[in-house]
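Dear colleague,

I am passing on the structure that we talked about, and below it you will find my notes. Please read them with the structure open beside you.

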Amino acid sequence: MGRDVGRQIRAGGSRKKDESLLTRMVNAVFAFVKLAEFELLFFFFFLIAFIIFKDLTSRPEYNQILVKKPGGPEFWAF
């Protein structure tokens, strides 16, 4: 009995043999999210910013705001 507990601890394991495959998969996903939390939030921030910016530039009336300057001389010769 004592040897089995030692093996389970050394094997890294709070995993029990009676856990189902679904439970182990969900635990693995949560462990990954816990490990890579900052990177995931960083990725989702840029993904949401890209979607919003793409939506703004797809509308012609808003696209003109980003492309043309209202009145005055053009600084850049496009």
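In what order do the elements of the chain run from the N terminus on? They run α-α-α-α, and the chain accordingly holds four helices and zero strands, where helices (H or I, at least four residues) and strands (E, at least two) are DSSP runs numbered from the N terminus. Please keep in mind that this is a predicted model, in which local features need pLDDT of at least 70 and side-chain atom pairs count only at pLDDT 80 or more, while totals for chains, interfaces and linings use all residues. Residues are numbered from 1 along each chain as its sequence is written, and side-chain values use heavy atoms, with hydrogens and water left out.

The UniProt record, an unreviewed entry, annotates residues 21–53 as "transmembrane region", and such annotations may be inferred rather than shown by experiment. That span is 97% helix and 0% strand, and its end C-alpha atoms lie 41 Å apart.

Of the 78 residues of the chain, 3% count as buried (under 20% relative accessible area, with exposed over 50% and partly exposed in between, using a 1.4 Å probe and protein chains only).

Rings of Phe, Tyr and Trp (its six-membered ring) pair if their centres lie within 6.5 Å, and planes under 30 degrees apart count as stacked, over 60 as edge-to-face and the rest as tilted; by this rule there are four aromatic pairs. The pair of F45 and F46 is edge-to-face, because the ring centres are 5.3 Å apart and the planes stand at 75 degrees. F45 is exposed, at a relative accessible area of 54%, whereas F46 is partly exposed, at 45%.

Best wishes
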